[in-house]
Amino acid sequence: MKKFRTMMLVCLSVMMLAGAQSAFATTGVYDGPATAKNSLPGNVYTGYIDSSTDSDWFVVANPNASGSVVVYPVLVCPSGVNLDIDVLWVHKDGTVDKDSYNQAGAGGIEGSSNIGWGVGPNDLLYFRVHGHSASDFSSSKSYTFIFN
Ligand SMILES: [Ca+2]
Ligand SMILES: [Ca+2]
């Protein structure tokens with residue numbers, strides 16, 4: 001019986017951890033570059049753009065002294081909600097390149113597993129997920145952001 005109870009506790013803890021990570025980003029969370037979520041290849045996040053002014057920022061920083069970390073961003077938009085990604089690439093010399101992913105509509109996929117970004121040491125690569133228009137938000141339909 002004690003063993004069973006321990007198992008239950010372990011299961012509950014795992015479920016609570018999974019729940020805490022399953023959908024986190026909303027208004028007030030990761031709203032700007034200073035509070036961007038640190039991300040690396042292999043990370044998968046789900047979240048909500050839950051108001052017309054909400055956005056969720058992610059940042060990829062290269063932890064190595066040499067060589068590049070290559071990241072392939074893929075954003076799965078929820079059905080009925082058209083989300084886009086702005087890219088802000090801050091190079092180590094301070095110059096900034098800007099780009100965006102805004103080709104896919106509601107329920108579509110922005111980005112691709114074939115198009116990557118090579119982040120060098122001391123570069124910072126920011127992704128800002130936001131609604132395509134002021135009506136593209138939902139507190140019940142989540143997006144999935146995959147860093148391949
Ligand atoms: Ca946010
Ligand atoms: Ca879009």
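Where is N122 found?

Mentor: N122 is found in the loop between β9 (117–119) and β10. Before we dig in, some housekeeping: residues are numbered from 1 along each chain as its sequence is written, and chains are lettered from A and ligands numbered from 1 in the order in which they are written. This is a predicted model, where local features need pLDDT of at least 70, side-chain atom pairs count only at pLDDT 80 or more, and totals for chains, interfaces and linings use all residues. Strands here are DSSP runs of E, at least two residues long, and helices are runs of H or I, at least four long, numbered from the N terminus.

N122 has a positive phi of about 70°, although it is not a glycine. Most residues other than glycine have a negative phi. N122 is exposed, with 12 other C-beta atoms within 10 Å; the cut-offs are 12 or fewer for exposed, 20 or more for buried, and partly exposed in between, with C-beta atoms placed from the backbone.

Now follow the chain into β10 (residues 124–131), which runs antiparallel to β3 (residues 55–61), with seven bridges joining them. L124 is the bridge partner of A61. Strands count as paired if DSSP finds at least two bridges between them. The open sheet has five strands in the order β1-β3-β10-β6-β7, with mixed pairing. β1 (37–38) and β7 (96–101) stand at the edges, each with a single partner strand, so one side of each has no neighbour in the sheet.

With 22 C-beta neighbours inside 10 Å, Y30 counts as buried. T26, found in the loop between α1 (2–22) and β1, counts as partly exposed because it has 18 such neighbours inside 10 Å. Beyond four places in sequence, T26 is in contact with G47, Y48, D50 and D54, contact meaning C-beta atoms, placed from the backbone, within 7 Å. T26 and D50 are 24 residues apart in sequence but 5.8 Å apart in space, C-alpha to C-alpha.

One caution on confidence. The protein averages a pLDDT (the predictor's confidence in each residue, from 0 to 100) of 88, and 84% of the residues score at least 70. Over residues 6–21, though, pLDDT stays under 50, and the model has zero contacts there beyond four places in sequence. Where pLDDT is low, the predicted coordinates should not be read in detail.

Key:
Two residues are in contact if their C-beta atoms, placed from the backbone, lie within 7 Å.
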